[in-house]
Amino acid sequence: KLIDTNTGRHPKVWVAVGNYTNVRDGHNEPFIMEDGVQVFGGFEGVEDPHYDLSQRNMIGTVLDAQNSNRCLYQNTNFDTSSTWDGFVLKNGYIDGNGAGAYLRKNGALKNVTFYYCDATGNGGGLYTVDSSYVQADFFGCKATNGGGAFVKDAILDKCRFLYDTATVNGGAIYASESYIV
């Protein structure tokens with residue numbers, strides 16, 4: 001259940017607690033980020049527009065790729081920031097980079113947890129280049145480089161890594177030109 005709280009130029013979408021897959025024509029597709037759209041998970045579906053966002057269930061809205069594609073994808077650089085906040089991304093698999101999420105310029109994640117995402121390339125949980133901000137936890141993700149995350153020119157804030165592995169470099173994280181706080 002989606003709740004659109006659009007009140008101006010920067011749309012906000014509230015997503016109810018639940019398990020979500022994105023199956024189209026028999027194939028599991030990633031959820032696509034949109035320029036300037038703020039997407040928040042963890043709602044019961046009855047909150048009013050002035051609801052305190054800190055009261056959400058931060059692990060109750062799950063995007064499950066069912067080991068057949070990545071969970072979340074930003075297919076181009078954005079002019080304005082787009083944030084996904086309060087989601088679990090799990091069971092992502094990609095023959096390439098970023099099984100949990102693939103971010104580009106002005107894509108951001110907050111209060112996100114990655115579980116068991118597997119990439120044959122870089123960034124099992126997260127692959128990001130020029131992303132504005134990432135606050136996330138990574139559990140059991142795998143890749144060639146950066147089992148949990150592969151980041152370039154990004155800010156990682158209060159990220160935690162547990163049981164992430166890489167076959168070459170950076171079991172938890174492989175970072176370049178980034179700020180890790």
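**Note on a predicted structure**

1. Asn122 is buried, at a relative accessible area of 17%; buried stands for under 20% relative accessible area, exposed for over 50%, and partly exposed for what lies in between, with a 1.4 Å probe and protein chains only. The residue belongs to the loop between β14 (118-119) and β15 (126-129). Strands here are DSSP runs of E of at least two residues, and helices runs of H or I of at least four residues, numbered from the N terminus. Beyond the neighbours within four places in sequence, Asn122 has contacts (heavy atoms within 4.5 Å) with Gly96, Asn97, Gly98, Tyr127, Ala143, Thr144, Asn145 and Phe150.

2. Residues are numbered from 1 along each chain as its sequence is written, and side-chain values use heavy atoms, with hydrogens and water left out.

3. Six strands make up an open sheet with parallel pairing, in the order β6-β9-β12-β15-β18-β22. Its edge strands, β6 (31-32) and β22 (173-176), each pair on one side only. Two strands count as paired if DSSP finds at least two bridges between them. Between β6 and strand β9 (residues 72-73) there are 2 bridges in the parallel sense, and Phe31 stands opposite Leu72 in β9.

4. Strand β8 (residues 61-64) has parallel pairing with strand β3 (residues 18-20) over 3 bridges and with strand β10 (residues 82-90) over 3 bridges. Tyr20 stands opposite Leu63 in β8, and Asp64 has Lys90 in β10 as its bridge partner. In a regular strand, side chains alternate between the two faces of the sheet. In β8, Thr61 and Leu63 point one way, Val62 and Asp64 the other way, and all are buried.

5. Tyr116, in the loop between β13 (107-115) and β14, has a positive phi near 50°. Tyr116 is exposed, because its relative accessible area is 53%. Lys158, in the loop between β19 and β20 (160-162), has a positive phi near 55°. Lys158 also counts as exposed, at 56% relative accessibility.

6. A disulfide is a covalent bond between the sulfur atoms of two cysteines; the criterion used is a pair of cysteine sulfur atoms within 2.5 Å. The search of the whole structure finds 0 disulfides. For Cys117, which is in no disulfide, the nearest cysteine sulfur is that of Cys71, 4.6 Å away. Cys117 is buried, with a relative accessible area of 1%. Cys159 is likewise in no disulfide, and the nearest cysteine sulfur, that of Cys141, is 12 Å away. Cys159 is buried too, at a relative accessible area of 18%.

7. On the surface, Ile155, Tyr179 and Val181 form a nonpolar patch with about 330 Å² of accessible area together. Ile155 is in strand β19 (residues 155-156) and is partly exposed, its relative accessible area being 31%. Patch members have over 30% relative accessible area and no salt bridge; nonpolar side chains (Val, Leu, Ile, Met, Phe, Trp, Tyr) are joined within 5 Å and like charges within 9 Å. A salt bridge is a side-chain nitrogen of Lys or Arg within 4 Å of a carboxyl oxygen of Asp or Glu. Accessible areas come from the Shrake-Rupley method with a 1.4 Å probe, and for residues only the protein chains shown count as cover.

Technical notes: This is a predicted model: local features need pLDDT of at least 70, side-chain atom pairs count only at pLDDT 80 or more; totals for chains, interfaces and linings use all residues.
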